[in-house]
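Biologist: I am new to this structure. Could you show me how to read its features, one at a time?

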Amino acid sequence: MSKAVQSFLSGMFFTFILDFFLFLGIFENYIKAKEIDVYYNILFADHQSLIIFLLFTLILGYISIYKETKLALIVIGTLSIISLSTLITPIGNALGEALLMKSDVAIHMEKFSYRGDILYDGRKSITFYDYKFEKVLNLNKNKIVGEY
């Protein structure tokens with residue numbers, strides 16, 4: 001196997017592991033904490049950025065194969081600590097809010113209007129916290145009229 005292919009596959013492996021723990025922390029400390037009905041696989045697949053994934057794949061692959069071992073350990077170790085830090089509740093919750101939540105949004109349905117926070121924008125529904133009712137609502141995306 002050529003060094004370029006080995007570099008790409010190694011980078012992809014390291015990036016996948018880092019991504020896994022990043023999204024696991026968000027899932028455990030944001031999605032489960034807010035009781036949002038979404039599976040981990042859907043969360044992971046829907047919020048991947050192919051450009052960022054490929055960028056980290058190339059960088060980590062290059063560092064792990066072509067650079068000295070000490071530099072590779074420092075870079076991958078630091079990124080692992082950052083990725084694993086999302087398993088700490090306040091960090092995972094804050095990152096989940098930063099990536100997934102939209103604050104102070106008005107949603108107009110056919111008969112009702114709601115004002116609050118979008119906790120999670122899923123494939124078929126929106127998990128929404130309404131300020132007036134002080135309750136989490138699941139709104140069907142097909143019944144939303146206008147922009148949100």
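Biologist: Let me start with one residue. Is Y131 buried, partly exposed or exposed?

Modeller: First, a caution: this is a predicted model. Y131 has 37%, so it is partly exposed.

Biologist: And how exposed is Y129?

Modeller: Y129 is partly exposed too, with a relative accessible area of 26%.

Biologist: How many aromatic pairs does the structure hold?

Modeller: There are 11 aromatic pairs. Take Y40 and F44, a stacked pair. Their centres are 5.8 Å apart, with 25 degrees between the planes. Stacked calls for planes under 30 degrees apart.

Biologist: What kind of aromatic pair do Y129 and Y131 form?

Modeller: Y129 and Y131 form an edge-to-face pair. The figures are 6.4 Å centre to centre and 65 degrees between the planes. Edge-to-face calls for planes over 60 degrees apart.

Biologist: Which residues do ring pairs link into a cluster?

Modeller: The cluster holds F16, F20, F21, F23, F27, Y40 and F44. The stacked pair of Y40 and F44 belongs to it.

Biologist: Now a helix. What span should α5 have?

Modeller: Helix α5 covers residues 89–100, 12 residues in all. At 1.5 Å a residue, α5 should span 16 Å. The end C-alpha atoms of α5 are 16 Å apart, which agrees.

Biologist: Which residues of α5 are buried?

Modeller: G92, G96 and L100 are buried in α5. They cover an arc of only 35 degrees around the axis, so they lie on the same side of α5. P90 and A98, on the other side of α5, are exposed.

Biologist: Let me try α4 the same way. What span should α4 have?

Modeller: α4 has 16 residues, and at 1.5 Å a residue it should span 22 Å. Its end C-alpha atoms are 22 Å apart, which agrees.

Biologist: Which residues of α4 are buried, and which are exposed on the other side?

Modeller: A72, I76 and S83 are buried in α4. They cover an arc of only 20 degrees around the axis, which puts them on the same side of α4. K70, L73 and I81 are exposed on the other side of α4. The cover over the buried residues of α4 includes α1 and α3.

Biologist: What does S83 touch?

Modeller: Leaving out residues up to four places away in sequence, S83 touches L18, F21 and L22. S83 is buried, with a relative accessible area of 5%.

Biologist: How far is I81 from L18?

Modeller: Their C-alpha atoms are separated by 9.2 Å, though I81 and L18 are 63 residues apart along the chain. I81 is exposed, at 62% relative accessibility.

Biologist: How do you look for pockets?

Modeller: Rolling a probe the size of a water molecule over the atoms shows where empty space is left. Here, the largest pocket holds about 360 Å³ of space. It is lined by 14 residues. L18, D19, L22, I52 and F56 lie nearest its centre.

Biologist: Which elements give two or more residues to that lining?

Modeller: α1, α3 (50–66) and α4 (69–84) do. The largest share of the lining, five residues, comes from α1.

Biologist: Last, the backbone. Where does E35 lie, and what is its phi?

Modeller: E35 lies in the loop between α1 and α2. Its phi is near 55 degrees, a positive value in a residue other than glycine. E35 is exposed, with a relative accessible area of 71%.

Biologist: Where is E134?

Modeller: E134 is in the loop between β3 (125–130) and β4 (135–140). E134 has a positive phi of about 55 degrees although it is not a glycine. At 61% relative accessibility, E134 counts as exposed.

Notes. Residues numbered from 1 in each chain as written. Predicted model: local features only at pLDDT ≥ 70, side-chain atom pairs only at ≥ 80, totals over all residues. Heavy atoms only, no water. Phe/Tyr/Trp six-rings, centres within 6.5 Å; stacked < 30°, edge-to-face > 60°. Buried < 20%, exposed > 50% of the residue type's maximum accessible area, 1.4 Å probe, protein only. Helix = DSSP H or I, 4+ residues; strand = E, 2+ residues; numbered from the N terminus. Expected span 1.5 Å × (residues − 1). Arc of directions from axis to C-beta. 1 Å grid on protein atoms, 1.4 Å probe; cavity = no way out; pocket = protein on both sides within 12 Å on 5 of 7 lines; lining within 4 Å. Points joined across faces, edges and corners; volume = space filled by probe spheres on them. Contact = heavy atoms within 4.5 Å.
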